[in-house]
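Let me put the structure up and we'll walk through it together.

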Amino acid sequence: MNPIVWACVVVLASEPYYVIGTMQTREHCENVAENYEPPSIYGSTIECYPVNVTNHREVLEQVKALKIIAK
């Protein structure tokens, strides 16, 4: 089983769009999210999500699944 890591993700219109990176701690992820300049697209945000993969494509799939579960 893979350990939990934190993915820093650019979110557009409530959908994950781009993975900035994965970090070992939530604090590190939140620090990156606060200091990263978001894209100049209306409604874009940068958020941190717990995931257990580091491949960016798989991270996006897990974030999509987490958002569905959280509804």
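Predicted model: local features only at pLDDT ≥ 70, side-chain atom pairs only at ≥ 80, totals over all residues.

The chain has two helices and three strands, and if you read along the sequence they come in the order β-β-α-β-α. The C-alpha trace spans about 40 × 25 × 20 Å along its principal axes. How does the radius of gyration compare with that of a compact globule? For 71 residues you'd expect a value near 11 Å, and the chain has 11 Å, so the two agree. Buried residues account for 32% of the chain. And if you take contacts between residues at least 6 apart in sequence, 54% of them join residues at least 24 apart.

Okay, on to α2, residues 56-70. Which residues of α2 are buried? Those are Val59, Leu60 and Val63. Looking down the axis of α2, the buried ones fall within an arc of 100°, so they line one face of the helix. You know the background here: an α-helix has 3.6 residues a turn, so residues three or four places apart point the same way. On the face of α2 turned away from the buried side, you get the exposed residues Arg57, Ile68 and Ile69.

So what sits over that buried side? The cover for the buried residues of α2 includes β1, β2 and β3. At the start of α2, also have a look at Asn55: one of its side-chain oxygens comes to within 2.9 Å of the backbone nitrogen of Arg57.

Now the cores. The largest nonpolar core has eleven residues, and Val59, Leu60 and Val63 are among them, along with others including Val19, Tyr49 and Val53. At least two residues of this core come from each of β1, β3 and α2, with β1 giving the most, at four.

Technical notes. Residues numbered from 1 in each chain as written. Heavy atoms only, no water. Buried < 20%, exposed > 50% of the residue type's maximum accessible area, 1.4 Å probe, protein only. Arc of directions from axis to C-beta. Contact = heavy atoms within 4.5 Å. Polar contact = N/O pair within 3.5 Å; in protein donor to acceptor, adjacent residues only side chain to side chain. Core = buried A, V, L, I, M, F, W, Y, C linked by side-chain atoms within 4.5 Å. Rg over C-alpha atoms; globule rule 2.2 N^0.38 Å.
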